[in-house]
Amino acid sequence: MKRKNLFIKLITLVVASLLLVSSLAGCGDNKDGTAVSFRTLDEIKESGKIVIGVFSDKAPFGYVDENGKYQGYDVYFAERIAKDLGVEVEYVSTDPASRVEYAATGKVDIILANFTVTEERAQQVDFALPYMKVKLGVVSPDNALITDVEQLSGKELIVVKGTTAETYFEKNYPNVKLQKYDEYADAYNALLDGRGDAFSTDNTEVLAWAIQNPGFTVGIDALGNADTIAPAVQKGNTTLLDWLNNEIETLGKENFFHADYAATLASVYGDAADPDNLVVEGGKVE
Amino acid sequence: MQDSGISVLFMGKNFLRLLEGLWVTLRISLIAVLLSIPLGILFGMFMTMKNPVSRAVSRVYLEFIRIMPQLVLLFIAYFGVTRAFGWNLSADVSAVIVFTLWGTAEMGDLVRGALISIPKHQYDSAAALGMNKIQTFGYVVVPQTMRRLIPLTINLTTRMIKTTSLVVLIGMTEVLKVGKQIIDANRFDYPTAALWVYGVIFLLYFLACWPISMLAKKLEKRWR
């Protein structure tokens with residue numbers, strides 16, 4: 001009986017390790033595997049349809065309206081891409097966690113989902129020129145409005161752990177006292193209760209929040225280094241990437257992204273925001 | 001504005017979209033359940049075989065599926081297979097495959113449990129009455145096993161229906177995702193919509209799972 005048990009254990013071990021190895025191998029040789037699955041520019045044109053991955057629940061960048069139609073800043077751009085290519089567009093609803101995979105496996109031709117350019121991501125996908133940028137914003141109550149970073153020294157600034165705001169203030173303004181929270185909801189509540197003097201995070205986020213909460217204004221709407229947001233395609237899909245870069249440069253000449261801003265973001269951010277702090281024309285930052 | 005969150009449900013095609021989302025949920029889970037039950041019964045019988053190789057194989061399969069989160073399995077089936085072999089499975093097919101694999105493993109273990117719960121003296125008595133193996137199975141074992149399996153199977157079925165909400169991550173817009181889309185599209189104008197939308201989704205899930213529970217109750221009564 002004992003020997004039999006040992007035998008079963010051995011077999012289990014062997015099969016399990018085989019499975020593990022094969023799954024690891026699967027991840028390992030993706031270089032050869034993925035090279036085949038993207039569609040070139042000509043193939044997209046021929047098929048008459050481009051597949052674009054967008055957010056479907058991140059208003060105002062990508063969302064679905066009450067008639068089931070995709071809308072938003074990213075979608076406005078996607079519609080134009082399809083129009084200029086002369087093809088129909090098919091949207092695929094993506095989530096933050098699956099965006100890289102979609103582009104890396106070629107399941108979509110382009111990812112246009114508020115995709116921030118980072119080095120890790122650039123190893124998996126190819127980014128085109130940016131069409132938007134995000135900086136830090138600082139929101140504070142109207143009666144003690146903070147319009148300059150220097151005003152913050154010695155005051156309590158609310159941040160959310162793990163955000164760029166946290167690292168930026170720790171590094172550049174050590175004399176600002178930071179109050180750290182785990183979640184956005186807690187941080188906003190702290191600001192509403194007056195536990196801190198101001199709150200800082202991505203400017204897109206605080207701008208939209210300030211509109212919803214009268215009595216609070218974004219005094220500083222562009223602070224720190226800009227993170228850029230760009231379309232992404234599968235690695236190696238140069239024909240599509242080149243076409244996209246050209247398209248973004250050409251659209252810059254007609255100020256397309258300002259029109260996009262006016263159509264989709266202006267109503268959300270209101271007069272408080274300066275479109276030049278968010279929009280990138282022709283792929284050129286600053 | 002405060003109490004008008006409910007109006008979001010009747011704007012445009014919103015309600016219809018929720019129903020379409022529910023159909024996606026039900027389609028995937030019901031296909032998977034219908035495949036899992038017969039496959040699971042076979043797998044459960046396979047698991048009770050005394051052969052060490054079949055035991056090892058079924059053990060590895062069961063543990064693999066049980067330990068892996070369904071989300072990881074979905075990613076492997078949808079993205080991993082494309083990366084590794086270049087096969088482009090659609091989201092529908094990947095979801096059905098993953099949920100069937102999962103359902104078969106779980107159902108198999110339930111069947112195994114039900115089978116070994118039949119005491120040995122029942123087999124002995126059947127043999128003493130002169131029944132052969134097939135008769136023992138058909139007249140003695142199966143009827144008792146079935147009765148024990150119903151509540152467990154219903155449990156698994158409703159769990160599968162609810163777990164399909166994971167398929168959003170491979171791009172399928174099922175009922176919960178449609179709900180999030182509706183809430184998000186209206187978050188500036190109707191901040192209270194979330195409560196109503198989630199309430200309706202709760203009701204839709206209930207309406208989907210309740211008839212299954214009722215059916216189970218009926219069967220249990222009939223087979224008592």
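Here is a chat about a predicted model with chains A and B.

Colleague: Before we dig in, what are the ground rules for numbering and for this model?
Modeller: Residues count from 1 along each chain as its sequence is written, while chains are lettered from A and ligands numbered from 1 in the order in which they are written. The model is predicted, and local features need pLDDT of at least 70, side-chain atom pairs count only at pLDDT 80 or more, and totals for chains, interfaces and linings use all residues.

Colleague: What does it score overall?
Modeller: ipTM is 0.77 and pTM is 0.77.

Colleague: And what is the mean pLDDT of chain B?
Modeller: The mean is 90, with 99% of the residues of chain B at 70 or more; pLDDT is the predictor's confidence in each residue, from 0 to 100.

Colleague: Where in chain B is confidence lowest, and where highest?
Modeller: Helix 7 (residues 175-185) of chain B is lowest, at a mean of 88, and helix 4 (residues 91-116) of chain B is highest, at 94. Helices (H or I, at least four residues) and strands (E, at least two) are DSSP runs, numbered from the N terminus.

Colleague: Helix 4 of chain B, then. At what angle does helix 3 of chain B cross it?
Modeller: Roughly 135 degrees, and the axes of helix 3 (residues 70-85) of chain B and helix 4 of chain B come within 9 Å. Axes are lines fitted to C-alpha atoms, for helices over the stretch in contact, and angles run from 0 to 180 degrees between N-to-C directions. The two helices of chain B are therefore oblique to each other (under 35 degrees is roughly parallel, over 145 roughly antiparallel, 65 to 115 roughly perpendicular, and the rest oblique).

Colleague: Which residues meet there?
Modeller: From helix 3 of chain B, they include Leu73(B) and Tyr78(B), and from helix 4 of chain B, Ile97(B) and Trp102(B) are among them. Residues are in contact if their C-beta atoms, placed from the backbone, lie within 7 Å. This contact divides into 9 nonpolar, 2 polar and no charged residues (Ala, Val, Leu, Ile, Met, Phe, Trp, Tyr, Cys and Pro count as nonpolar, Asp, Glu, Lys and Arg as charged, and the others, Gly among them, as polar).

Colleague: Switching topic: how many residues of each chain touch the other?
Modeller: 34 residues of chain A are in contact with 31 residues of chain B. Helix 1 of chain A gives the most to the chain A side, with 9 residues. That side of chain A has 13 nonpolar, 13 polar and 8 charged residues.

Notes. Contact = placed C-beta atoms within 7 Å.
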